[in-house]
Amino acid sequence: MQTIINMECTECKRRNYTTTKNKSKHSERRNAQKYCKHCRRHTSHKEVKA
Ligand SMILES: [Zn+2]
């Protein structure tokens, strides 16, 4: 069972990335440093449900 996950910039709250993950294997929520084109720099992104 794959779950669609959005990666949301914690600074501007925009959703920049979409990914999928297996919820049963990866239930923990993680933050990731990703490039935000709106902030124009790397920011912390959190996982949110699509
Ligand atoms: Zn941003």
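User: Where is A50 found?
Analyst: A50 is in the segment that follows β4. Keep in mind that this is a predicted model.

User: Is A50 buried or exposed?
Analyst: A50 counts as exposed, because it has 10 C-beta neighbours inside 10 Å and the limit for exposed is 12 or fewer.

User: Which residues is A50 in contact with, leaving aside its neighbours within four places in sequence?
Analyst: Those are I4, I5, N6 and T18.

User: Okay, the chain in general. What does its secondary structure come to?
Analyst: Zero helices and four strands. The order from the N terminus is β-β-β-β.

User: How do β1 and β4 pair?
Analyst: Strand β1, residues 2–9, pairs with strand β4, residues 41–49, in the antiparallel sense over five bridges. Within this pairing, M7 of the chain stands opposite E47 in β4.

User: And how many bridges join β3 to β4?
Analyst: Six, and the two strands run antiparallel. β3 covers residues 31–36. N31 has K46 as its bridge partner in β4.

User: What lies between β3 and β4?
Analyst: Four residues, and the two strands form a hairpin. In the turn, R40 has a positive phi of about 60 degrees.

User: What share of the chain is buried?
Analyst: Buried residues make up 8% of the 50 residues.

User: And which share of the contacts with a separation of 6 or more comes from residues 24 or more positions apart?
Analyst: That share is 46%.

Notes. Residues are numbered from 1 along each chain as its sequence is written. This is a predicted model: local features need pLDDT of at least 70, side-chain atom pairs count only at pLDDT 80 or more; totals for chains, interfaces and linings use all residues. Two strands pair if DSSP finds at least two bridges between them. A residue is buried if 20 or more other C-beta atoms lie within 10 Å of its own, exposed if 12 or fewer, and partly exposed in between; C-beta atoms are placed from the backbone. Two residues are in contact if their C-beta atoms, placed from the backbone, lie within 7 Å.
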